[in-house]
Amino acid sequence: MESFVGEEARLVLLRGSAVPGTTFPIPREGATLGRAAAIRLADETLASDSVAFEYRDDLLFVRDRGSPSGVFVRILSQVVLEPGRCFAIGDHRLRHGGLLEPPSQPPPALGAPWPGPGPLLRLEAVLFGGEAGRIWLLPFPVRIGRQQGEIVLSDRFVSARHCALHLDGEEVILEDLGSTNGTFVEIPADRPWPLRRGDTLRVGRNIFRVQ
């Protein structure tokens, strides 16, 4: 993990509620981000004081202080996605709703192929405020994209083949498929999360690079 010895980290806005390229320094005493915080953004999906940044032994940490839209970091390859944890692609926020065993007998013909043996993934679209919207029940692997996949999302920030979810034993693995705008996983609430130079951070409708 890279340290920030004797220097301040900066957030560079890539997309969001201010001009792209706008830089927000994080002073050594730390800073907060929100609609009425030290780093102030006009974003209705943020709380007044959504996120805190702090240094510990010259390392930079971010902490979700109860943002209604969550705080996410871009994954570099694959991560384990625990039940209840969210991930974000484009302008969509999705949640691992758990694994379900399929019924022992196929239902009457409903125009969809029988998935066969193996658990099904419950995947939930998360609305603002955390409520579940559309729900999918799908066998693995589950591929998501704008043009290809078991789930197709009409979103200009989602790549044609964006990400996939695989089952490894009892663990669900989230994998980015080389998307242009990235796949982001939610950090645990109210727990400091370490950040490195070059990390990409998503808060509300805003995406930042740490440098």
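Q: Which strands form the open sheet of five strands, and in what order?
A: First, the term: strands are DSSP runs of E with at least two residues, numbered from the N terminus. Two strands pair if DSSP finds at least two bridges between them. Here the order is S8-S16-S15-S13-S14, and the pairing is mixed. Strand S8 (78-81) and strand S14 (151-152) are the edge strands, each pairing on one side only.

Q: What should I know about the model and its numbering?
A: This is a predicted model: local features need pLDDT of at least 70, side-chain atom pairs count only at pLDDT 80 or more, and totals for chains, interfaces and linings use all residues. Residues are numbered from 1 along each chain as its sequence is written, and side-chain values use heavy atoms, with hydrogens and water left out.

Q: How many bridges join strand S13 and strand S15?
A: Three bridges pair strand S13 (residues 142-145) with strand S15 (residues 163-168), in the antiparallel sense. Look at Arg143: its bridge partner in S15 is Ala164.

Q: What is the order of the 10 strands in the other open sheet?
A: Read it as S2-S1-S20-S19-S7-S17-S9-S10-S11-S12, with antiparallel pairing. Its edge strands are strand S2 (23-26) and strand S12 (132-139), and each pairs on one side only. From one strand to the next, the twist averages 30 degrees. Such angles run from 0 to 180 degrees between N-to-C directions, with axes fitted to C-alpha atoms.

Q: Which residue in S17 stands opposite Phe87?
A: Val185 does. Strand S9 (residues 86-89) and strand S17 (residues 183-186) run antiparallel, joined by three bridges.

Q: How many salt bridges does a search of the whole structure find?
A: Start with the idea: side chains of opposite charge can pair when their charged atoms come close. A salt bridge is a side-chain nitrogen of Lys or Arg within 4 Å of a carboxyl oxygen of Asp or Glu. The search finds 12 of them.

Q: Where in the chain are Glu124 and Arg95?
A: The two form a salt bridge, with the closest N and O atoms 2.8 Å apart. Glu124 is in strand S11 (residues 120-126) and Arg95 is in strand S10 (residues 92-100), so the pair links distant parts of the chain, 29 residues apart. Arg95, Arg122 and Glu124 are linked in a network of salt bridges.

Q: Are Glu124 and Arg95 buried or exposed?
A: Buried means under 20% relative accessible area, exposed over 50%, and partly exposed in between (1.4 Å probe, protein chains only). Both Glu124 and Arg95 are buried.

Q: Why does Arg143 count as partly exposed?
A: Because its relative accessible area is 40%. The side chain of Arg143 meets that of Glu150 in a salt bridge (2.7 Å, N to O). Glu150 is also partly exposed, at 35%.

Q: Why is Asp199 called buried?
A: Because its relative accessible area is 12%. Asp199 forms a salt bridge with Arg196, the closest N and O atoms being 3.5 Å apart. Arg196 is partly exposed, at 36% relative accessibility.

Q: Where is Ser69, and what does its side chain reach?
A: Ser69 sits in the loop between strand S6 (59-64) and strand S7 (71-74). Ser69 is buried, with a relative accessible area of 11%. Its side chain reaches the backbone oxygen of Thr45 at 3.0 Å.

Terms used: Helices (H or I, at least four residues) and strands (E, at least two) are DSSP runs, numbered from the N terminus. A polar contact is a pair of N or O atoms within 3.5 Å; within protein, one must be able to donate a hydrogen and the other to accept it, and residues adjacent in sequence count only if both atoms are side-chain atoms.
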